[in-house]
Amino acid sequence: MIWNTMMGTSILSIPWGIKQAGFTSGIILILLMGILTLYCCYRVVKSRQMIPLTDTSNWEFPDVCKYYFGSFGQWSSLIFSMVSLVGAMVVYWVLMSNFLFNTGKFIYNFVHDINVTDIVPGTNGSNKVICPSAASGHLPQNRSVMFSSGNRTGFELFEEWWDKSQTVPFYLIAVLLPLLNLKSPSFFAKFNVLGTVSVVYLVFMVTVKAAHLGIHLEFNWFTENEFFVPEFRILFPQLTGVLTLAFFIHNCVITLLQNNRNQENNVRDLSIAYFLVGLTYLYVGVIIFASFPSPPLSKECIEQNFLDNFPSDDIMSFVARVYPLLGYLARVQLLRQFFGNAYPSFFHVLILNLAIVGAGVAMARFYPNIGGIIRYSGATCGLAFVFVYPSLIYMISLHRAGQLTCPALIIHIFIILLGLANLIAQFLL
């Protein structure tokens, strides 16, 4: 259950993050961030037990924050939790706009029997890989060169009204807004169950693609060439920002573990879940990076959403793009729980959904970069939930018990400083 909840859209940006950090550095960072976030999550789980003479069996982490920091702790923890949820849902909206755009383009070309040769460079053969960023300096990403005996004006009109950032994000409102206002929670629960199936399919797709493309690696520690990136790059904080959200479960881990039949196994089960999540991220990230065909394409071509490196008529990646829809519907339902009532009234739900949809449309229109959105929101909410609150609460509880030692103080202050540096670095690089 923790594995299913933690796995989200961040998995689509892991290959890009590895490219930004460098292959070797990327692998090391995934392992280190996994261990660090697991330890901080462990501190969250244990935080209730360190409160003396109080029944904390029904407490959530915001209640623990309130105990130590007053109303500021409670409300700040809720706000940072909202940042993670809204950030994830904005990413979902950008991905669904992408999916709807590719679907419409594929259907139009198929119905009108149009052969389209993308401007963007790519490999030849049945397992085509493309480099959309290479065309950014020529024409918009969704423009194409068409070779057809039909009317070119009709094609140009279609591309004007079916634009990835100008029009499609608005069309998506008509599709999703009615669904989001449904009252039945069972409707959304069905989508959440499919989350695991979607991730398993993504792993399967990555394996098949890699089997056909082969391995393309060259190791250069600090020098960059035409097709490969160095093993270490100064842009590595971009990966740590993504990983902060990728390993983020801290705001709801207490709730999830309350369902565990054997409470004494909580730490063991949490560790297993983090191991599985880290293994999944490593597998997808390493396989996509290693199998990306360089040459003829440069590793710099790996997109923030690696599915964008496959053309719109690629059936396997087409199916994989359905996943964000499932996650979005489930996340919106989860967000409603902050009101204490899943459906206080139609008006309340409509206003909430309009706000969320508005944020999603704005991002899809003006900043459709999922890697950027993930790392900014991840580093922001992670500063509070992953680095600051767990460490501060642990130090305060030890101090009150007269058990705070210098090594413990130094280690946990260092963790807080790491979180602060992680957030600042996102805006500098």
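For the surface entry I needed one definition: a patch is made of residues with over 30% relative accessible area and no salt bridge, with nonpolar side chains joined within 5 Å. I also noted that this is a predicted model.

**Entry: the nonpolar patch**

I looked for nonpolar side chains grouped on the surface and found a patch formed by Ile234, Leu409, Ile413, Leu417, Leu420, Ile424, Leu428 and Leu429. Together they have about 720 Å² of accessible area. I picked out one member, isoleucine 424, and placed it in helix H15, residues 406-428.

**Entry: the protein as a whole**

I then stepped back to the overall numbers. I counted 15 helices and two strands. Of the 429 residues, 53% count as buried. The protein exposes about 19400 Å², and carbon and sulfur atoms supply 68% of that area. I also checked contacts with a separation of 6 or more: residues 24 or more positions apart account for 79% of them.

**Entry: H8 against H14**

Next came a helix pair. Two packed helices are described by the angle between their axes and the distance between the axes, so I looked up both. Helix H8 (residues 237-246) and helix H14 (residues 370-400) pack at an angle of about 65°, and their axes are 7 Å apart. I noted the crossing of H8 and H14 as left-handed. Which residues of H8 meet H14? I listed Gln238, Gly241, Val242, Thr244 and Leu245. On the H14 side, the residues they meet include Gly371, Gly378 and Gly382, along with Ala379, Cys381 and Phe387.

**Entry: threonine 280**

I moved to helix H10, where threonine 280 is found. Why does threonine 280 count as buried? Its relative accessibility is 10%, and buried means under 20%, so it falls in that class. Leaving out residues up to four places away in sequence, I found threonine 280 touching Trp3, Met7, Ile11, Val199 and Val203.

My last stop was the loop between helix H10 (266-291) and helix H11 (315-320), where I found proline 295. The peptide bond from serine 294 to proline 295 is cis, with omega near -15°. The peptide bond from proline 295 to proline 296 is also cis, with omega near 15°. Proline 296 has its place in the loop between H10 and H11 as well.

Notes: Residues are numbered from 1 along each chain as its sequence is written. This is a predicted model: local features need pLDDT of at least 70, side-chain atom pairs count only at pLDDT 80 or more; totals for chains, interfaces and linings use all residues. Side-chain values use heavy atoms; hydrogens and water are left out. Patches are made of residues with over 30% relative accessible area and no salt bridge: like charges are joined within 9 Å, nonpolar side chains (Val, Leu, Ile, Met, Phe, Trp, Tyr) within 5 Å. Accessible areas come from the Shrake-Rupley method with a 1.4 Å probe; for residues, only the protein chains shown count as cover. A salt bridge is a side-chain nitrogen of Lys or Arg within 4 Å of a carboxyl oxygen of Asp or Glu. Helices (H or I, at least four residues) and strands (E, at least two) are DSSP runs, numbered from the N terminus. Axes are lines fitted to C-alpha atoms, for helices over the stretch in contact, and angles run from 0 to 180 degrees between N-to-C directions. A crossing is left-handed if the near helix is turned anticlockwise from the far one by less than a right angle, and right-handed if clockwise. Contact means heavy atoms within 4.5 Å. Buried means under 20% relative accessible area, exposed over 50%, partly exposed in between (1.4 Å probe, protein chains only).
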